[in-house]
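I opened the model and kept notes as I went. The entries follow in the order I looked things up.

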Amino acid sequence: MNTRALLLGAAASIALAGTANADGFKNWYVGLEAGPSWIDDVDATVVAVTPGGTFTISGTEEFDSGWAVLATAGYSLTERWRVEAELGYRDNKTTSDYLEMTEWSFMLNALYDMPVSDRTKFSLGAGVGFDHMTVDFGGLAEESDGDFAYQGI
């Protein structure tokens, strides 16, 4: 092996390593996340009207761990600041399998990335948007509602 080829290879590897280690990523990006979803216990009162009369049921519903999936698309404005749109879906059932809650959410997020090491960043952010929830009462009835939503990231 000649010295010229060795020096050329070393120079090329240093140049490529510098490019691959670039700290900033200023461009469009997409992401996909999935994981568990938890809902706090809910105290509820249900009033049912039937041909036999009206009756009231009160109690606490406990939810099992469910699942969630989120898709994001965003733009990195600088090395530290990002903005993104997030679409999410969550599904949870109660421990009795009588009640099922599903949610669709759309959020606009702003994030600030802080480098922890060469390969790790810590992100802080907040988002605002809309959440639409549907509750299925064991196939007997269904209720849905949407509202303003916010989140800390």
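**Entry 1: E4 and E5**

In which sense do strand E4 (residues 66-76) and E5 pair, and over how many bridges? I found the antiparallel sense, over 10 bridges. I count two strands as paired if DSSP finds at least two bridges between them. Strands here are DSSP runs (E, at least two residues), helices are runs of H or I of at least four residues, and both are numbered from the N terminus.

E4 and E5 form a hairpin, with four residues between them.

**Entry 2: ground rules**

I am working on a predicted model, where local features need pLDDT of at least 70 and side-chain atom pairs count only at pLDDT 80 or more, while totals for chains, interfaces and linings use all residues. Residues are numbered from 1 along each chain as its sequence is written, and side-chain values use heavy atoms, with hydrogens and water left out.

**Entry 3: the whole chain**

I noted one helix and eight strands in the protein chain. Along the sequence the pattern reads α-β-β-β-β-β-β-β-β. The chain has 153 residues, and buried residues make up 21% of them. I use buried for under 20% relative accessible area, exposed for over 50%, and partly exposed for what lies in between (1.4 Å probe, protein chains only).

**Entry 4: the sheet**

What is the strand order of the open sheet? I read E1-E4-E5-E6-E7-E8, six strands with antiparallel pairing. Strand E1 (28-37) and strand E8 (142-152) are the edges; each has a single partner strand, so one side of each is left without a neighbour in the sheet. The twist from one strand to the next averages 15 degrees. For such angles, axes are lines fitted to C-alpha atoms (for helices over the stretch in contact), and angles run from 0 to 180 degrees between N-to-C directions.

I then went through the other pairings.

- E5 and E6 run antiparallel and are joined by 13 bridges.
- Their hairpin has five residues between the strands, and in it Asp97 takes a positive phi near 60 degrees.
- E6 and E7 pair antiparallel over 17 bridges.
- Five residues lie between E6 and E7 in their hairpin.
- Strand E7 (residues 121-137) pairs with E8 over 11 bridges, also in the antiparallel sense.
- Phe130 has Phe148 in E8 as its bridge partner.

**Entry 5: Tyr112 and the rings**

Which residue of E6 does Trp81 stand opposite? I found Tyr112. Tyr112 in turn stands opposite Leu124 in E7.

Next I checked aromatic pairs. Rings of Phe, Tyr and Trp (its six-membered ring) pair if their centres lie within 6.5 Å; planes under 30 degrees apart count as stacked, over 60 as edge-to-face, and the rest as tilted. By this rule I get five aromatic pairs. Trp81 and Tyr112 form a tilted one, at 4.8 Å centre to centre and 55 degrees between the planes. Trp81 lies in strand E5 (residues 81-93) and Tyr112 in strand E6, so this pair ties together parts 31 residues apart in sequence.

Tyr89 is in strand E5 and Trp104 in strand E6, so the pair ties together parts 15 residues apart in sequence.

Is Tyr89 buried or exposed? Tyr89 counts as buried, at 18% relative accessibility. Trp104 counts as partly exposed, at 47%. I also noted a cluster in which ring pairs link Trp67, Tyr89 and Trp104.

**Entry 6: the largest pocket**

How much space lies in the largest pocket? I read about 480 Å³. Of the 21 residues that line it, the closest to its centre are Ala44, Val46, Tyr98, Leu99 and Phe137. The search used a 1 Å grid over the protein atoms alone: a pocket is an open set of points where a 1.4 Å probe fits, with protein on both sides within 12 Å along at least five of seven lines, and lining residues have an atom within 4 Å of a point.

Strand E2 (42-50), strand E3 (53-61), strand E6 (99-115) and E7 each supply at least two residues of the lining.

How values were computed. Grid points are joined across faces, edges and corners, and a volume is the space filled by probe spheres set on the points.
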